[in-house]
Amino acid sequence: MWEIFQELGPTYVKQAYHMDEGSFYKLHKKLRKYKTKKQNQNNKKKKNSGKNGAISTVLHLSVAIHYFARGDPYDILIAHGISHKEVF
């Protein structure tokens with residue numbers, strides 16, 4: 001994620017996520033509490049985790065916020081290095 005934020009710069013991070021980088025990580029820290037151990041175990045067992053491995057919780061949050069902030073799925077998949085299917 002750090003690379004994405006660095007590439008976008010503070011202005012475009014705020015435009016894409018409607019928050020600055022610090023607020024993004026604060027939100028991630030708060031939401032991470034709600035991810036249970038069972039969900040973590042299920043993620044490790046997934047066979048369809050993609051050729052580069054499972055997607056991190058930071059990346060999940062980034063994609064979700066960018067998408068709901070009216071981000072184009074094709075821009076999101078290019079910026080985050082994930083498939084079109086994983087955006088949805």
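Predicted model: local features only at pLDDT ≥ 70, side-chain atom pairs only at ≥ 80, totals over all residues.

Which residues are buried in H4?

1. **The buried residues of H4.** In helix H4, the buried residues are Val58, Leu59, Leu61, Ser62, Val63, Ile65 and His66. An α-helix has 3.6 residues a turn, so residues three or four places apart point the same way. Have a look at Val58, Leu61 and Ile65 with that in mind, as they are among the buried residues of H4. The packing partners of these buried residues are H1, H2, H5 and H6.

2. **The length of H4.** Helix H4 covers residues 57–68, which is 12 residues.

3. **His66.** This histidine sits in helix H4. Setting aside residues up to four places away in sequence, His66 touches Ala16, Tyr17, Gly71, Ile76 and His80.

4. Arg70 follows H4 and belongs to the loop between H4 and H5. Its phi is positive, about 70°, although Arg70 is not a glycine.

5. His18 is not a glycine either, and its phi is positive, near 60°. You will find His18 in the loop between H1 and H2. It is exposed, with a relative accessible area of 59%.

6. **How H1 meets H2.** On either side of that loop, helix H1 (residues 2–17) and helix H2 (residues 21–32) pack with their axes 10 Å apart, at an angle of about 125°. That angle makes H1 oblique to H2. On the H1 side the contact is made by Trp2, Phe5, Gln6 and Val13, and on the H2 side by Glu21, Phe24 and Tyr25. Sorted by class, this contact has 5 nonpolar, 1 polar and 1 charged residues.

7. **Ile82.** Towards the other end of your tour, look at the loop between helix H5 (73–80) and helix H6 (84–87), where Ile82 lies. Is Ile82 buried or exposed? Ile82 has a relative accessible area of 10%, so it is buried. Leaving out neighbours within four places in sequence, its contacts are Ile55, Leu59, Val63, Leu77 and Val87. Leu59 and Val63 are also among the buried residues of H4. As for Ile55, it is 27 residues from Ile82 in sequence, yet the C-alpha atoms of the pair are 8.6 Å apart in space.

8. **The chain as a whole.** There are 6 helices and 0 strands, giving the pattern α-α-α-α-α-α along the sequence. Of the 88 residues in the chain, 28% are buried. Among contacts between residues at least 6 apart in sequence, 46% join residues at least 24 apart. The chain exposes about 7000 Å², and 54% of that is supplied by carbon and sulfur atoms.

Conventions:
Residues numbered from 1 in each chain as written. Heavy atoms only, no water. Axes fitted to C-alpha atoms, helices over the stretch in contact; angles between N-to-C directions. Helix = DSSP H or I, 4+ residues; strand = E, 2+ residues; numbered from the N terminus. Parallel < 35°, antiparallel > 145°, perpendicular 65-115°, else oblique. Contact = heavy atoms within 4.5 Å. Nonpolar A, V, L, I, M, F, W, Y, C, P; charged D, E, K, R; others polar. Buried < 20%, exposed > 50% of the residue type's maximum accessible area, 1.4 Å probe, protein only. Areas by Shrake-Rupley, 256 points an atom, 1.4 Å probe, with all protein chains shown as cover. Expected span 1.5 Å × (residues − 1).
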